Amino acid sequence: MSVLTTFKPPKALSGKEFTYCPGCQHGTVHRLIAEVIDELQIQGRTIMVAPVGCSVFAYEFFDVDGTVAAHGRAPAVATGMKRALKDSVVFTYQGDGDLAAIGTAEIVHAANRGEKITTIFINNAIYGMTGGQMAPTTLLGMKTSTCPYGRTVENDGYPVHVCELLKETGGIAYLERTTVNTPQDIRKTRKALRKAFTAQLKGLGFSLVEVLSTCPTNWGMNPIEATEWLEENLKREFKVGLFVDKVGDDQ
Amino acid sequence: MAVNYVEIDADRCKGCGLCISVCPKKVLRFSSSFNSKGYHPAEQHDPDNCIGCGFCYLVCPDTSVTVLKETSKAGT
Ligand SMILES: Cc1ncc(C[n+]2csc(CCOP(=O)(O)OP(=O)(O)O)c2C)c(N)n1
Ligand code: SF4
Ligand code: SF4
Ligand code: SF4
Ligand SMILES: [Mg+2]
């Protein structure tokens, strides 16, 4: 009689318990990134830059080198690291408030310069950490603590589509939007992350994977309702799919 | 013969229920007891019907699930 482990947490995680709320998909995406780091055998040369937001302590949860940047500035910090340490694999992990509000300039220019870094962008359509304020990605009509009657075009403009904006920048090598609700979606996201890191390893340019993610706490739902709400609402505004792929199939 | 089963780290689990909702064989449920965080953790109540698909592992946001397979010498 022998016992085989068929699914177990990846080595590139530190093993520390995540500080996220029950059902929060930040944790799911952390695990997938770590699985890809294991698969590509790059743990020893990977450096991560955590954001400001609920994932501010993300560098604690991975067993790789890492730091945390000022709000929105992770791509600028990552640029410096990668240019100084060309053999390293550098990724930023950023929320929608971090990346698409205060950090808009940094992400657009890092992408346009074709920095050989990878960004994982967690779009939960809200500022999770600070108590559920409106984000640039908040849906029209969606209620948050700073738009208690629902977001309106008149007051707040339109939800920002990060992938659609970035796909026109010349330096993009890989760009995809995914979800992590079902086991099938999770496998697709892992594939996208693997390709994004492969783009960096091959020196092809900047890569980004946007993951539509739940924030059960600030959406005011239980974790399962939040996955359903994401399917019905977030996915309607933000179309999942591949935007740019200069990597090809030869992984 | 292969026997599949899962181990759930009850103190790590946050009782979100996502694993229970995706299990195709409905062999997971909330425990009636509380863990150290005050949640009802998930537990496998019917391991005989687990097919080892790993869906519970895949959706768990808190890396609380390990999927295992027991194989006898006679075969797989
Ligand atoms: C310069 C600066 N401005 C504002 C804040 C307050 N702040 C902290 S987190 C955050 C937004 C986080 O939202 P998001 O990036 O979507 O991450 P989430 O928590 O949703 O994962 C803000 C505005 C800050 N820490 N620093
Ligand atoms: S507030 Fe939202 S994004 Fe932050 S940990 Fe909780 S569920 Fe996750
Ligand atoms: S491995 Fe599959 S069948 Fe077994 S408990 Fe997990 S989800 Fe259910
Ligand atoms: S998905 Fe993970 S954290 Fe959620 S109930 Fe199942 S084992 Fe617990
Ligand atoms: Mg957010």
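User: Which side chains meet in a salt bridge in chain B at 2.7 Å, N to O?

Analyst: The side chains of Glu43(B) and Arg29(B) form this salt bridge, at 2.7 Å from N to O. The model is a predicted one. In general, side chains of opposite charge can pair when their charged atoms come close.

User: Where in chain B do Glu43(B) and Arg29(B) lie?

Analyst: Glu43(B) belongs to strand S3 (residues 42–44) and Arg29(B) to strand S2 (residues 28–30), so the pair links distant parts of the chain, 14 residues apart. Glu43(B) is partly exposed at 27% relative accessibility, and Arg29(B) is likewise classed as partly exposed, at 42%.

User: How many helices and strands does chain B have, and which pattern do they follow along the sequence?

Analyst: Chain B comprises 2 helices and 4 strands. Read along the sequence, the pattern is β-α-β-β-α-β.

User: How many positive and negative side chains does chain B have?

Analyst: Chain B has 8 positive and 8 negative side chains, and the centres of the two sets lie 5 Å apart.

User: How many salt bridges are there over all chains?

Analyst: The count over all chains comes to 15 salt bridges. One of them joins the side chains of Glu60(A) and Lys16(A), at 2.3 Å from N to O. Glu60(A) lies in helix H2 (residues 58–61) of chain A, and Lys16(A) in the loop between strand S1 (2–7) and helix H1 (26–40), so the pair ties together parts that are 44 residues apart in sequence.

User: Are Glu60(A) and Lys16(A) buried, exposed or partly exposed, and what are their relative accessibilities?

Analyst: Glu60(A) is partly exposed, with a relative accessible area of 28%. Lys16(A) counts as partly exposed at 44%.

User: Which residue meets Arg83(A) in a salt bridge, and where do the partners lie?

Analyst: The side chain of Arg83(A) meets that of Glu115(A) at 2.6 Å, N to O. Arg83(A) is in helix H3 (residues 74–84) of chain A, whereas Glu115(A) is in the loop between helix H5 (104–113) and strand S5 (118–123); the pair links distant parts of the chain, 32 residues apart. Glu115(A) has a relative accessible area of 4%, under the 20% cut-off, and is therefore buried.

User: Where is Cys215(A) placed, and which residues does Cys215(A) touch?

Analyst: Cys215(A) sits in the loop between strand S7 (206–212) and helix H9 (216–219) of chain A. Cys215(A) counts as buried at 8% relative accessibility. Leaving aside residues up to four places away in sequence, Cys215(A) touches Asn124(A), Ile126(A) and Gly128(A).

User: What separates the C-alpha atoms of Cys215(A) and Glu106(A)?

Analyst: The two C-alpha atoms are separated by 25 Å, and Cys215(A) and Glu106(A) are 109 residues apart along the chain.

Note on methods
Residues numbered from 1 in each chain as written. Chains lettered and ligands numbered in written order. Predicted model: local features only at pLDDT ≥ 70, side-chain atom pairs only at ≥ 80, totals over all residues. Heavy atoms only, no water. Lys, Arg positive; Asp, Glu negative; His and termini not counted. Charge placed at Lys NZ, Arg CZ, Asp CG, Glu CD. Salt bridge = Lys/Arg side-chain N within 4 Å of Asp/Glu carboxyl O. Buried < 20%, exposed > 50% of the residue type's maximum accessible area, 1.4 Å probe, protein only. Contact = heavy atoms within 4.5 Å.
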